[in-house]
Amino acid sequence: MKLSKESIQSIDNYLKHEGFVYFDIRMEMVDHVANAVEEKMDAENLNFYDAFKSYMIAHKKEIVKQNKEHGFYFKEPILNFIKFCFNPFIFLMGGLIFFSLNFLLTKFGIQNIGNSILWVILIIYLVFGFWHFLFTRKKMYFYVEKNFWILFVFFHITNFFKSSFNSELQSAIIFNSLILFLFLSFILFYFSEIRKFRTHYEYLFE
Amino acid sequence: MKNSQLYKGSLNTIIMKLLEEKGRMYGYEITQKVKEITKGELNITEGALYPALHKLEAEGLLDVEVEKVDNRLRKYYKLTEKGTTETVNRLAELEEFIKNMQTIVNPKLSY
């Protein structure tokens, strides 16, 4: 017996209540539970409520466990970002940033340029953060969220080290080039991941 | 999944082998297929299956397609080109492992 829209909605609400906040993860689990409940209803001649209750009593622990696993999922986004950086365009961008900042910092001084770069990074962070907020406002997707924290970490590293590295010309050139490079590369990486996500999960955006 | 580290270590290979045979499958279908093949001996739990599928997807070994089926969205998995090559390697590795284990556990049978 196939479940009605209302029954599917009940499963969805239940899982949301159990902490499945990411839509892409929850939708898959809704399908899994719905399949199992349908099978149980047919095999044991139960109504939706009894079959769902009986299934959740037996499987709740495993279902909640798989959701928690996603909280510790840091390795892949970092590895994918590093892989993304290994391409000629990103190398070229890195070179351009380094030579431009070398020229600007030498010519105009750390005080003028170093501080302006930090403002540029702050503006990028805020604009990008706002865009991310708009994209995930209605539905949060794990595929998207798992990458965003990388930018958050970059931003706080910048703030933490800015005064110590901006005291000498050479360290200021390297530090500012690296930070600007990481920020811009990350934004390109993020949008390439969003494009991939929209292609794979086309149905969600129709 | 049957509570054994031996099975857990082979979960990714099991998933990839099934996808190689069937083309594309969704999570619940994988659990049922494994249960059917092993006559109920091996039961893959949700807690083991989905993190494994998501990891394989993140590694670029699996591709996904989402479709609306029976009032809900269903996520299908299929092997990427890289995944197909990797399946061959992992199956060869697993076969080698089984052969070695057999030699150690039951030397007479291995000849």
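Predicted model: local features only at pLDDT ≥ 70, side-chain atom pairs only at ≥ 80, totals over all residues.
**Entry 1**

I began with Asn71(B), which sits in the loop between E2 and E3 of chain B. Phi of Asn71(B) is near 70 degrees, which is positive, and the residue is not a glycine. I noted the background: most residues other than glycine have a negative phi.

Is Asn71(B) buried, exposed or partly exposed? I looked up its surroundings and found 15 C-beta neighbours inside 10 Å. A residue needs 20 or more to be buried and 12 or fewer to be exposed. Asn71(B) therefore counts as partly exposed.

I then checked Asp70(B), which is also found in the loop between E2 and E3 of chain B. Asp70(B) is not a glycine, yet its phi is positive, about 45 degrees. I found 14 C-beta neighbours inside 10 Å for Asp70(B), so this residue counts as partly exposed.

**Entry 2: the annotated stretch of chain B**

I turned to the UniProt record. The unreviewed entry lists residues 15-86 of chain B as "domain: Transcription regulator PadR N-terminal". In the model, I find this stretch to be 53% helix and 26% strand. Its end C-alpha atoms are 12 Å apart.

**Entry 3: where chain B touches chain A**

How many residues does each chain give to the contact? I read 21 residues from chain B and 24 residues from chain A. Next I asked which elements of chain B give two or more residues to this side. They are helix H3 (27-37), helix H4 (46-58), strand E2 (62-69) and strand E3 (72-79). I also sorted the touching side of chain B by class. It has nine charged, eight nonpolar and four polar residues.

**Entry 4: chain A as a whole**

I counted the elements of chain A next. There are eight helices and zero strands. Along the sequence, chain A reads α-α-α-α-α-α-α-α.

Why do I call chain A more spread out than a compact globule? Its radius of gyration is 24 Å. The globule rule gives 17 Å for 206 residues, and the value for chain A is well over that, so chain A is the more spread out. I also took the box along the principal axes: the C-alpha atoms of chain A fill roughly 80 × 30 × 25 Å.

I looked up burial too. Of the 206 residues of chain A, 27% count as buried. Last, I took contacts in chain A between residues at least 6 apart in sequence. Of these, 68% join residues at least 24 apart.

How values were computed. Residues numbered from 1 in each chain as written. Chains lettered and ligands numbered in written order. Contact = placed C-beta atoms within 7 Å. Helix = DSSP H or I, 4+ residues; strand = E, 2+ residues; numbered from the N terminus. Nonpolar A, V, L, I, M, F, W, Y, C, P; charged D, E, K, R; others polar. Rg over C-alpha atoms; globule rule 2.2 N^0.38 Å. UniProt positions renumbered as here; feature names shortened; annotations may be inferred.
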